[in-house]
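Colleague: I am new to this structure. Please show me how to read its main features.

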Amino acid sequence: HGTASVLVLLMATQWVYNFGDGEADGSADMKNLLGGKGANLAQMALIGLPVPPGFTLTTEVCTHYYENDQSYPAELAGHVRDALSLVETRVGQKFGDAENPLLLSVRSGARASMPGMMDTVLNLGLND
């Protein structure tokens, strides 16, 4: 008589995908997960184009938000802090620094293009 063991691996959801310095967590074929802009930025970084470092929140974040009483995943804030720290390291600036602040552009993206439907926030970090 043998015994069977079952190994169950619980995979944590990756809510944030980094890109920059010739590296990317995503690629062009991940448009459903990263949106068009996120997937294309990842691909451009992978092929060596000079893309400023950054990160993309997945479309699953939006899905989670609406399916969970308008709340974000519990681990999202930590993932964003880690991604922001990586951007800070790559560019040598700190978000919120009074002398040499790291400025961010926040751009919306979707699985399918929706021109004019979502706003862009530029120079996040310039003021309070």
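Modeller: Start with the source. This is a predicted model, where local features need pLDDT of at least 70, side-chain atom pairs count only at pLDDT 80 or more, and totals for chains, interfaces and linings use all residues. Residues are numbered from 1 along each chain as its sequence is written, and side-chain values use heavy atoms, with hydrogens and water left out.

Colleague: How many helices and strands does the protein chain have?

Modeller: Helices (H or I, at least four residues) and strands (E, at least two) are DSSP runs, numbered from the N terminus. The protein chain has three helices and five strands. From the N terminus, their order is β-β-α-β-α-α-β-β.

Colleague: What share of the protein chain is buried?

Modeller: Buried means under 20% relative accessible area, exposed means over 50%, and partly exposed lies in between (1.4 Å probe, protein chains only). Here 27% of the 128 residues count as buried. The accessible surface is about 9100 Å², and 54% of that belongs to carbon and sulfur atoms. Those areas come from the Shrake-Rupley method with a 1.4 Å probe; for residues, only the protein chains shown count as cover.

Colleague: Which elements do the buried residues of α1 pack against?

Modeller: First, a general idea. An α-helix has 3.6 residues a turn, so residues three or four places apart point the same way. In α1 the buried residues include Leu-34, Gly-38, Ala-42 and Ala-45. The buried residues of α1 pack against β1 (16-20), β2 (23-24), β3 (54-57) and α2 (59-67). Packing is read from contacts, meaning heavy atoms within 4.5 Å.

Colleague: Which residues of α2 are buried?

Modeller: They are Thr-59, Val-61, His-64 and Tyr-65. The buried residues of α2 pack against α1, β3 and α3.

Colleague: Where is Asp-69 placed, and what is its phi?

Modeller: Asp-69 sits in the loop between α2 and α3. Its phi is positive, about 55°, although Asp-69 is not a glycine. Gln-70 is found in the loop between α2 and α3. Phi of Gln-70 is near 55°, a positive value in a residue other than glycine.

Colleague: Are Asp-69 and Gln-70 buried or exposed?

Modeller: Asp-69 counts as exposed because its relative accessible area is 73%. Gln-70 is exposed too, at 53% relative accessibility.

Colleague: Is Leu-84 buried or exposed?

Modeller: Leu-84 is found in helix α3. It counts as buried because its relative accessible area is 18%. Leaving aside neighbours within four places in sequence, Leu-84 is in contact with Phe-55, Phe-95, Leu-102 and Leu-104. Leu-84 and Phe-55 are 29 residues apart along the chain, but their C-alpha atoms are separated by 7.8 Å.

Colleague: Which helix holds Thr-89, and is Thr-89 buried or exposed?

Modeller: Thr-89 is in helix α3 (residues 76-91). Thr-89 is exposed, with a relative accessible area of 61%. Its C-alpha atom is separated by 9.8 Å from that of Pro-53, 36 residues apart along the chain.

Colleague: What share of the contacts joins residues 24 or more positions apart?

Modeller: Among contacts in the protein chain with a separation of 6 or more, that share is 46%.
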